[in-house]
Amino acid sequence: MSLVTLKEILKETREKKYAVPAFNFNGYEDAQGMMNSALRMRSPIILMASMGAARYIGLKQTVGMIKGMAESVDIPVCLHLDHATDAAFLKEAVVAGFTSVMIDASKKDFKENIEITKEVAAYAKKFGCSVEAELGRIGGREEEIAVDDASSALTDPERVPEFVEKTGVDALAVAIGTAHGFYKSTPKLDFERLRKIAELTSCPLVLHGGTGVSETDFQTCVSLGMSKINVGTEFKAAYTNAIRDAVAVNETAEVDPRNYMKYVKTKCEEIAEGKMRLFHSAGMA
């Protein structure tokens, strides 16, 4: 299949009560492992590149790699640029062929967040590209994104309808108590806030900071209307740990890099499969 947009891949999630898994990848092996699981589980999948990963791989190279994977399977695959704070780079990604982008202007005030997001959405939609935005500020650190606890702010439900209407976004990341990176303590999610937001908008909702959230909390989020759930740090840690394990097993005699990197693919497949079951996306392709 050709790559699909975020709008397309999320359209039935609220009605059918599942969330599409959105996984950050950093190269071929982890992306292919994620894709292998999605195909086996018959799950739609969103493969996400951070700005750092997209710069490391190259925008056109990223599109070429994921587009090739998508065209070799018969399940919906969306290529998403995660947490873009650089509007110029975001626009380059749109032109290169990303089918979804996230503009993160959440550090700006409400009015400026709307203005920036609206401009990006108008631009992206000329290319048939979906747009995700963020309202509220999700704490923690992940590559270019760093928000300390004092600066984080939960999403105000009453502001959501105005934001969605004025910006025209296809999905909205909301802050309900999660954070990027590894948690220092057990996260306490504000489910009543999520319930209220879902009641006030039909726009697909996105959960960031999925690494470390409990299975029960994930399932509650899905039941309350979360449509897209991001997992990044867990895969990054799995990638590096898999290489360490491979080196330990193979010692120094092995010279074929594939015999090291296959550990990454296998580990990412295992994690991805678990998340697809948890988010109820298995069988929804």
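Figure 1. Leu207 stands opposite Ile229 in β11. The model is predicted; local features need pLDDT of at least 70, side-chain atom pairs count only at pLDDT 80 or more, and totals for chains, interfaces and linings use all residues. Residues are numbered from 1 along each chain as its sequence is written, and side-chain values use heavy atoms, with hydrogens and water left out. Strand β10 (residues 205–207) pairs with β11 in the parallel sense over three bridges; two strands pair if DSSP finds at least two bridges between them. Helices (H or I, at least four residues) and strands (E, at least two) are DSSP runs, numbered from the N terminus. Leu205 stands opposite Met226 in β11. Together with helix α10 (residues 215–223), β10 and β11 make a right-handed β-α-β unit: with the strands pointing away from the viewer, the path from the first strand over the helix to the second runs clockwise.

**Figure 2. Strand β11 and its pairing with β1.** Six of the six residues of strand β11 (residues 226–231) are buried, so β11 is largely enclosed by the rest of the structure. Buried means under 20% relative accessible area, exposed over 50%, and partly exposed in between (1.4 Å probe, protein chains only). Strand β1 (residues 20–24) pairs with β11 in the parallel sense over four bridges, and Phe23 stands opposite Val231 in β11.

Figure 3. Eight strands close into a barrel with parallel pairing, in the order β1-β2-β3-β4-β5-β8-β10-β11. Neighbouring strands of this sheet are turned by 25 degrees against each other on average, direction ignored. Axes are lines fitted to C-alpha atoms, for helices over the stretch in contact, and angles run from 0 to 180 degrees between N-to-C directions. Helix α5 (residues 59–71) packs on the sheet and touches β2 (45–50) and β3 (77–84); its direction makes about 150 degrees with that of β3. Helix α7 also packs on the sheet, touching β4 (100–103) and β5 (130–135), and its direction makes about 170 degrees with that of β5. Contact means heavy atoms within 4.5 Å.

**Figure 4. Packing of α7 against α8.** Helix α7 (residues 110–125) and helix α8 (residues 160–167) pack at an angle of about 35 degrees, with their axes 8 Å apart. The crossing of α7 past α8 is right-handed, meaning that the near helix is turned clockwise from the far one by less than a right angle. Phe110, Asn113, Ile114, Thr117, Lys118 and Ala121 in α7 meet Glu162, Phe163, Lys166 and Thr167 in α8. The residues of this contact divide into four nonpolar, three polar and three charged. Ala, Val, Leu, Ile, Met, Phe, Trp, Tyr, Cys and Pro count as nonpolar, Asp, Glu, Lys and Arg as charged, and the others, Gly among them, as polar.

Figure 5. His280 lies in the segment after α12 (258–278) and has a positive phi of about 65 degrees although it is not a glycine. At 37% relative accessibility, His280 counts as partly exposed. Leaving aside neighbours within four places in sequence, Ser281 is in contact with Tyr18, Ala19, Pro21, Arg42, Ser43, Pro44 and Met276.
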